[in-house]
Amino acid sequence: MATSPIPDPPPAGARWRAAAVRELWRGVSGRAAGLLAGLRQAWRRSLQLRVVTITLVVSSLLVGGFAYLIADKITGILVENAETDVRLRLKSGVAYAAKQFGLYNQPQEGQFQETVDGTVNYLAGGDPQQTTGVIVALNADSHTGVIQPRSSPAVNVRPLISPELRATVAGGKVASQIRTGRLGGERTKYLVYGSPVPTKFGQVELYYLVPLTRQDTTAADVRAAVVATGAALVLLLALLAGLVTRLVVTPVRVAARTAQRLSAGLLDQRMVVNGEDDLALLAASFNQMATNLQRQILRLEEMSRLQRRFTSDVSHELRTPLTTVRMAADLIFAERDEFDPAVARSAELLQAELDRFEELLTDLLEISRFDAGFAMLDSEPTDLVPVVHRVADRLSCLAERVGVTIELDVPTTPVIAEVDPRRVERVLRNLVGNAVEHGEAKPVLITLGMDDTAVAMTVRDHGVGLKPGEEKLVFNRFWRADPSRARQTGGTGLGLSISLEDARLHGGWLEAWGAPGQGAQFRLTLPSRAGDRLTTSPLRLVPADAVLPFGGPRAGGLLAIAPGSGGALAIGPGTDGALVVGPARPGDTGHAEVGS
């Protein structure tokens, strides 16, 4: 069986050249792309560049159009003047030739050819050797053909006289055209005019060929002058636009730099005021605004400092009378069984309110330390599993009183992290106490998880939940979702605020999620090693049993929470089981979290 020959591989030199060409093209395209990217960036950032470029383009178009119109108009005027001159000469030449030829009845008569030659030379200016001026040609009518064609100077003018022009002249009409040709020298543009000359023996055709060299030279000079003037005008306009734009842009840039310094905390920065024009007024107004802002900021800082100091001083000063009142209240509370029932109940209420007042003072002192920047973190390797169990045990009595069950989902192995155990326990106690208070007699789930870089705890309740936007307000001081709702735990309204500060002191996150009728979930995320920076959380913020706002219950659970253009996007199954994408509930941080 015949086999097709195997083609020889290309030589090594050809492969090397192809590789070199590809590498060269890759380098050129890369440089071009970098240059275009730099130009786009400069175009976006520089107002002066945009103004100058637009001025150049627009002025170039205007000046170019104006130059074209001027040059075309001047060229038309030059050609029109040449045509007028030729028509006058042609009219005079036709009259002269008719007079000369009118002496003969037949072209065969003696001295007729001498008369033809003399007439042609006379109409051409009398110099039969001059080939750069007007050329006069005399032809017989194509129907008669009784005389030989004559021209002065003696050149072959037939290539410059088109058949259409000859047919028009032979028909008894004056006609003209512009033709370019070579008559013994370089190529030249000619204005060709033809007219019939009536005689007794028939019609003769008289042609004038006028070179337009002088008109072309003049038009070229005019075009060059107009182009040079236009280019100078365009450059002048661009320079003027650049100068004017610089006068406006420079103060704006100075204002922008000054505003950046002001935003960085350099409140003494001001703009230089020169002159009394609008830009000087802008600088003066900007300086006045900066002065007012500085005055207001310093005033607010002083007020904040005084407020913090007042809170701290009042909290400390109340300690002494509180201790005295506490001792008296403890004595009365211990002897309440010997009092009347009404007095005994008053002693119990006094004891409870003193406990709450003492907690409020403690929280105020803690808040004042955070505000003053005196809060210190005492980190140590801590197993968080016992911390979770300890918090659940301490709040179990309160949970039983309100009919709430505390459920735990913690690993069986130790979860070690470098944290301040006192602060972490306080955060978790605040979160669980808040969940129990708003749990609506439904279970509260505490989940503990960890990964290589972080540990996280979530507290999930199934109570009234949070309205959109309230997940950010819950950490405000003394904020309550329902002011008319009675507290079960006698809280101070500062617990979540202190918890947020404790989380920030660890370099962690404290976040909230909630939906009306679906309860709420709080997530505390802390780095496993003190000082590390968090990027993700081991537990997701939105619980798996939550309902997306754009679909029904998620049978398969939340698939993903990812950042979107308008906030976090949730991906999960809709009511019909199809995969849908929509905005997650307010409070989602936008961190990439993938669940079941």
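Helix α10 buries R423, V424, E425, R426, V427, L428, L431, V432, G433, A435, V436 and E437. The model is predicted. Twelve of the 17 residues of α10 are buried, so the helix is largely enclosed by the rest of the structure. Helix α10 covers residues 421-437, and at 1.5 Å a residue its 17 residues should span 24 Å. The end C-alpha atoms are 24 Å apart, which agrees.

Helix α5 covers residues 213-263 and holds R257. V252 also lies in helix α5. R246, R253, R257 and R261 gather in a patch of positive charge on the surface. The nonpolar patch is formed by L233, L236, L237, L239, L240, L243, V244, L247, V248 and V252. Together these nonpolar residues have about 900 Å² of accessible area.

Helix α2, residues 47-101, contains Q48. The C-alpha atoms of Q48 and V244 are separated by 9.2 Å, although the two residues are 196 apart along the chain. V244 belongs to the nonpolar patch.

| Residue | Relative accessible area | Class |
|---|---|---|
| Q48 | 18% | buried |
| R257 | 42% | partly exposed |
| V252 | 47% | partly exposed |

Buried means under 20% relative accessible area. Q48 has 18%, so Q48 counts as buried. Exposed means over 50%, with partly exposed in between. R257 has 42% and V252 has 47%, so both count as partly exposed.

Technical notes:
Residues are numbered from 1 along each chain as its sequence is written. This is a predicted model: local features need pLDDT of at least 70, side-chain atom pairs count only at pLDDT 80 or more; totals for chains, interfaces and linings use all residues. Side-chain values use heavy atoms; hydrogens and water are left out. Patches are made of residues with over 30% relative accessible area and no salt bridge: like charges are joined within 9 Å, nonpolar side chains (Val, Leu, Ile, Met, Phe, Trp, Tyr) within 5 Å. Accessible areas come from the Shrake-Rupley method with a 1.4 Å probe; for residues, only the protein chains shown count as cover. A salt bridge is a side-chain nitrogen of Lys or Arg within 4 Å of a carboxyl oxygen of Asp or Glu. Lys and Arg count as positive and Asp and Glu as negative; His and the chain ends are not counted. The place of a charge is taken as NZ of Lys, CZ of Arg, CG of Asp or CD of Glu. Helices (H or I, at least four residues) and strands (E, at least two) are DSSP runs, numbered from the N terminus. Buried means under 20% relative accessible area, exposed over 50%, partly exposed in between (1.4 Å probe, protein chains only). The expected span of a helix is 1.5 Å times one less than its number of residues.
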